[in-house]
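I opened the model today and kept short notes on what I looked up. The sequence and structure come first, then the entries.

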Amino acid sequence: MNKENIKNWLKVNLFSNWYNSIISLFVLFVFFSIIPSFIDWAIIKATFIGKTKADCKTGGACWVFISVWFEKFIYGFYPDKELWRVNLAFIILILTVVSAFFVKPKIKPFILFFLIFIFPIIGFVLIHGGFGLENVETRVWGGLSLTFMLTFFGIIFAFPLGVLLALGKRSELPVIKYFCIVFVEFWRGIPLITVLFAAAIMFPLLLPANTSVDKLLRVAIGLGIFESAYVAEVIRGGLQSLPKGQYEAAKSLGMSYWKMNFLIILPQAIKTVIPGLTNTFIALFKDTPLIILVGLLELLGMVNLAKSNSYWLGMAIEGYIFVGIIFWFFSYLLSRYTQSLEKKFSTERH
Amino acid sequence: MFLNSEFKTTLKKNLQLSNLIPQVLLILFFIFVVYFFANNAQINMKARNMSSGFDFLNTNSGFDIQFSLIDYDGSSSYGRAYLVGLLNTLLVAFFGIFFATILGFIIGVSRLSSNWIINRLSLIYVELFRNLPLILQIFFWYFTVLRSLPSTEKSLIIFNFLIINLQGFYIPKFVFTNSHYIFYGITFAILTIFLIKYYANKMFYEHAKVIPVFKISLILIIIFPAVFSLIGGVGVKIEYPKLVKNFGIFNYLGGVKLIPEFLALVFSLSLYTSAFIAENVRAGILAVSKGQKEASKSLGFNSSQSLNLIVIPQALRVIIPPTTNQYLNLTKNSSLAAAIGYPDLTGAFAGTALSQTGKAIEIIFIVMMTYLTISLLISLILNWYNKKIALVER
């Protein structure tokens with residue numbers, strides 16, 4: 001870019017008229033008065049290496065807080081010598097998901113089958129114990145790994161249920177139709193917190209005496225049902241967008257209701273709403289920190305706990321920035337991926 | 001006749017065995033689940049010597065709520081505590097929606113600005129705020145920003161109108177005498193506006209004359225209450241917060257005090273939701289095709305007419321439905337108040353009242369039903385509006 005081009009670009013984009021010039025200058029001024037002091041605090045004056053709060057003397061950010069507590073932020077109170085189990089479970093998950101991008105389309109359904117039906121069992125045994133592995137109670141689970149576990153569980157729980165609810169909402173059988181409508185509207189009309197309270201406090205009262213369901217499991221199922229209502233609404237949108245001819249063609253081939261839906265209707269409907277589904281799952285991911293309200297500590301909960309530790313008071317900003325970066329990174333990544341999918345599908349469709 | 005035959009075919013369909021079985025099974029399953037839970041609840045309650053029912057709403061609550069729009073103290077009933085919580089929820093939702101809408105429209109329009117810096121900055125704003133969990137944003141405002149404000153003695157005082165310190169924000173209180181006259185004025189103004197709107201519609205369709213209803217309404221809604229106040233003798237007394245020293249501790253008394261919990265909630269809810277509204281606004285403006293503007297110009301509309309009569313109504317048709325959904329989300333999200341101890345419906349009622357009475361089933365039922373009612377009311381209004389503005393095609 002030569003000088004003339006730069007001048008031209010500035011004129012068109014920043015100083016096209018007098019009020020645009022004023023706004024641009026004002027924003028630039030604010031920008032340059034805030035950014036340097038932030039960089040100064042976050043990087044130049046910050047302390048990165050150390051073991052205690054006392055090591056942070058320079059007056060900048062104390063990233064020692066993050067590095068000392070890092071393991072707790074990721075794994076919660078999971079016992080040190082068993083950490084490899086959590087790691088292994090996540091490595092299997094990541095490898096499977098990544099491999100889905102490279103294999104032939106024919107093998108993809110098998111990968112999906114593995115993820116939905118087999119991996120949860122492997123993951124549960126690895127993380128919880130059994131088959132010779134030492135039992136690790138759910139109350140020591142925590143940190144970022146718990147965030148991911150809940151998100152994953154929520155997705156594989158909410159997706160099939162959401163599909164059934166969406167089909168039910170369009171059913172010709174009135175009892176099923178109205179049951180599904182009321183069910184979906186109910187869960188969509190209440191805030192997640194009330195669901196979590198109900199799962200943690202109210203639900204044990206509804207079970208037979210002497211039986212107990214693990215609190216984390218109760219909360220996870222609550223989260224899953226809550227999310228399934230949103231999934232159902234998204235999939236219903238996809239079902240509505242399909243032309244009637246698809247149904248009629250399938251019926252004229254003599255397909256049964258389930259065959260028609262699973263082979264003809266759903267594959268097309270779900271494909272069109274993948275962006276909406278991803279958005280729902282991003283929302284689920286961002287909602288998991290709410291479990292802090294019923295005493296379960298995922299990433300944000302662990303940071304909140306650490307910042308009120310008497311040796312580490314005054315570290316809230318560093319902690320929240322750390323949590324923010326992690327959540328922002330994953331949400332943004334997924335939403336960009338969704339947008340690219342949207343573009344891909346929109347060129348395919350026309 | 002048509003209805004009758006249609007009814008008959010549905011009835012016939014439903015009486016087929018293959019259609020009947022799943023429906024009957026679903027009903028039986030539902031009854032079983034409800035019975036199972038209800039039975040267990042009864043047994044459990046008996047074992048714990050707990051009574052069920054809603055009688056507790058009339059008993060003394062015995063706890064105090066630090067932020068309330070109506071009179072409330074420890075001797076008030078749980079029913080009153082519920083009302084305080086509900087009003088606090090609605091208050092946060094109202095202010096959240098107000099600021100989220102203003103911010104959202106500004107950011108949404110800025111996203112389409114030709115100014116590169118404004119354009120990029122609003123993009124960063126949207127991507128930043130909508131990709132961070134709301135609860136993190138609430139914690140951030142509450143535990144870091146509002147905690148780093150100056151102490152009471154060193155309060156930030158802005159034009160003697162806004163006082164900012166660790167305890168919260170203080171603004172002057174406007175005490176009205178004979179305030180009902182203002183209310184009469186507003187009612188009268190609204191009635192007049194409806195009449196004018198009716199007349200303007202008639203003039204528009206029958207004589208093709210455009211009457212600036214919005215401008216007239218704006219003037220009327222100011223003038224009528226003002227005139228009524230003069231007639232009724234409405235007086236305004238401004239009560240400023242004053243710095244008082246009590247037992248060696250400085251404190252501001254008088255005026256309206258906005259507690260940090262309230263502020264953190266309103267800030268984070270409006271910033272978070274505004275990012276979503278901004279995207280709706282942007283999509284709405286982009287949805288109006290260029291041809292519409294050109295067509296209105298070729299019909300001889302001037303730029304403000306083209307904006308008011310052609311562009312904005314069409315953009316609003318796209319903007320309003322998803323934005324109403326965001327309002328609904330904001331109202332439901334205000335339940336996150338429980339995380340920082342703001343006494344809203346969830347915090348005060350499902351939190352404090354529940355832990356005091358132990359009536360988990362009743363209280364969670366009431367809270368869920370309240371939110372559900374609010375949600376259904378808003379979606380009913382939305383559906384009515386959608387029908388009203390739906391494109392009527394030939």
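How many Å separate the centres of domain 1 of chain A and domain 2 of chain A? I looked this up over C-alpha atoms and wrote down 41 Å. I note here that the model is predicted.

Entry on the domains. I found chain A divided into domain 1 (3–44), domain 2 (64–78 + 136–349) and domain 3 (79–128). Domain 2 is written in two pieces, 64–78 and 136–349.

Entry on chain A as a whole. I counted 14 helices and zero strands in chain A. The C-alpha atoms of chain A fill a box of roughly 75 × 65 × 40 Å along the principal axes. Chain A has 350 residues, and 35% of them count as buried. I also looked at contacts in chain A between residues at least 6 apart in sequence, and 65% of these join residues at least 24 apart.

Entry on helix 2 of chain A. I noted 27 residues in this helix, with 37 Å from its first C-alpha to its last. That is close to the 39 Å expected at 1.5 Å a residue. How many of the residues of helix 2 of chain A are buried? I found zero, and I wrote that the helix is hardly covered.

Entry on the contact between the chains. I listed 45 residues from chain A and 47 residues from chain B. On the side of chain A that touches chain B, helix 2 (18–44), helix 7 (174–189), helix 8 (192–206) and helix 14 (316–349) each give two or more residues. Helix 14 of chain A gives the largest share, 10 residues. I sorted the residues on this side of chain A into 34 nonpolar, nine polar and two charged.

Entry on the core. The largest nonpolar core has 153 residues. Which residues touch the most other members of this core? I wrote down Leu196(A), Ile138(B) and Ile364(B). Helix 6 (residues 143–169) of chain A gives the most to the core, with 15 residues. I then followed Leu196(A), leaving aside its neighbours within four places in sequence, and its contacts include Val219(A), Gly222(A) and Leu290(A). Ile291(A), Leu293(A) and Val294(A) are also in contact with Leu196(A).

Entry on two strands of chain B. I found strand 4 (residues 173–177) and strand 5 of chain B running antiparallel, joined by five bridges. Phe176(B) has Val236(B) in strand 5 as its bridge partner.

Notes:
Residues numbered from 1 in each chain as written. Chains lettered and ligands numbered in written order. Predicted model: local features only at pLDDT ≥ 70, side-chain atom pairs only at ≥ 80, totals over all residues. Pairing = 2+ DSSP bridges. Helix = DSSP H or I, 4+ residues; strand = E, 2+ residues; numbered from the N terminus. Contact = placed C-beta atoms within 7 Å. Nonpolar A, V, L, I, M, F, W, Y, C, P; charged D, E, K, R; others polar. Expected span 1.5 Å × (residues − 1). Buried ≥ 20, exposed ≤ 12 C-beta atoms within 10 Å, placed from the backbone. Domains from an automatic or database assignment. Core = buried A, V, L, I, M, F, W, Y, C linked by C-beta atoms within 7 Å.
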